[in-house]
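Work through the exercises below with the coordinates loaded. Each task is followed by a stepwise solution.

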Amino acid sequence: MFDLSGELPFPDTTAFTDEQLDLVTRSAEAGDVGAMTTVALVMCSRDDFGGGAVWFTRAAEAGSSISMFWMGLISMRADDFVAARTWFEAANNAGDTRAHDMILRLPMMMVSGDPEATRTAAQAGDPDAMYKHGRDLSVDGHRDESFDWVRKAAEAGQVDAMSEVGAQFLDTDQRTGLAWLEKAASAVHVRAANLLGGHFIKARTTPRQDRISMSARTGIAGQFELPR
């Protein structure tokens, strides 16, 4: 379970008596979005995350970006990284600048999380989780299944996965390998760019006849210029 401490300060619960909370709740029920958020924060600070989520959701549906952000945190607390990403993306689109940082941090958080939660997120279609699940399978020795998941992640736009797929294909299907590396490099992936650079440097230093033969074998004639 993800620890929310330190992500956002909870309001001081001593400032809210039950009577005061009832008054704020009435305002929330009357449609006051700020009151909805306040009720949700107080509930969460009292460890009632279920009740807090109800009010955060209502406030988010009314356009509250801070409530969208908090729903992302609550989803992380439940190890639901797919929902967390959805909420953070909504908050980011609504103008909450903190949400973008959380989107970038999610993959690293999944790395240190529960493998079962990662597998569930991968099966639900999260590209980062697909990549992490594939790497987990590789560590366990399931190489074929590992590559299938990494390739799914690449096809879903995960840049690290694109680079890894490209690197694995270079020796067996150079055309496909170069295509994946180019996609990753265009997304400013340093390793992919280095692999591409190394490939073309090697191509230029290989004797001309050997390169012509290699091009014929791999089907990549015309992918790079042969100096005369």
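This is a predicted model: local features need pLDDT of at least 70, side-chain atom pairs count only at pLDDT 80 or more; totals for chains, interfaces and linings use all residues.

**Exercise 1.** Determine how α10 and α11 are oriented to each other, and list the residues in contact.

Solution. 
1. Two packed helices are described by the angle between their axes and the distance between the axes.
2. For α10 (residues 159–169) and α11 (residues 174–186), the angle is about 155° and the axes are 7 Å apart.
3. Angles over 145 degrees count as roughly antiparallel, and α10 and α11 are therefore roughly antiparallel.
4. The crossing of α10 past α11 is left-handed.
5. On the α10 side, the contact consists of Val 159, Met 162, Ser 163, Val 165, Gly 166, Ala 167 and Phe 169. α11 contributes Gln 174, Thr 176, Gly 177, Trp 180, Leu 181, Lys 183 and Ala 184.
6. Sorted by class, the contact of α10 with α11 holds eight nonpolar, five polar and one charged residues.

**Exercise 2.** Decide where the buried residues of α7 lie around its axis.

Solution. 
1. α7 spans residues 115–123, and its buried residues include Ala 117, Thr 118, Ala 121 and Ala 122.
2. These residues cover an arc of only 140° around the axis, so they are on the same side of α7.
3. An α-helix has 3.6 residues a turn, so residues three or four places apart point the same way.
4. After α7 comes Gly 125, with a positive phi near 105°.

**Exercise 3.** Is Asp 47 buried or exposed?

Solution. 
1. Asp 47 is located in the loop between α2 (33–45) and α3 (49–61).
2. Its phi is positive, about 70°, although Asp 47 is not a glycine.
3. Exposed means over 50% relative accessible area; Asp 47, at 61% relative accessibility, therefore counts as exposed.

Methods. Residues are numbered from 1 along each chain as its sequence is written. Side-chain values use heavy atoms; hydrogens and water are left out. Axes are lines fitted to C-alpha atoms, for helices over the stretch in contact, and angles run from 0 to 180 degrees between N-to-C directions. Helices (H or I, at least four residues) and strands (E, at least two) are DSSP runs, numbered from the N terminus. Angles under 35 degrees count as roughly parallel, over 145 as roughly antiparallel, 65 to 115 as roughly perpendicular and the rest as oblique. A crossing is left-handed if the near helix is turned anticlockwise from the far one by less than a right angle, and right-handed if clockwise. Contact means heavy atoms within 4.5 Å. Ala, Val, Leu, Ile, Met, Phe, Trp, Tyr, Cys and Pro count as nonpolar, Asp, Glu, Lys and Arg as charged, and the others, Gly among them, as polar. Buried means under 20% relative accessible area, exposed over 50%, partly exposed in between (1.4 Å probe, protein chains only). The arc is that of the directions from the helix axis to the C-beta atoms.
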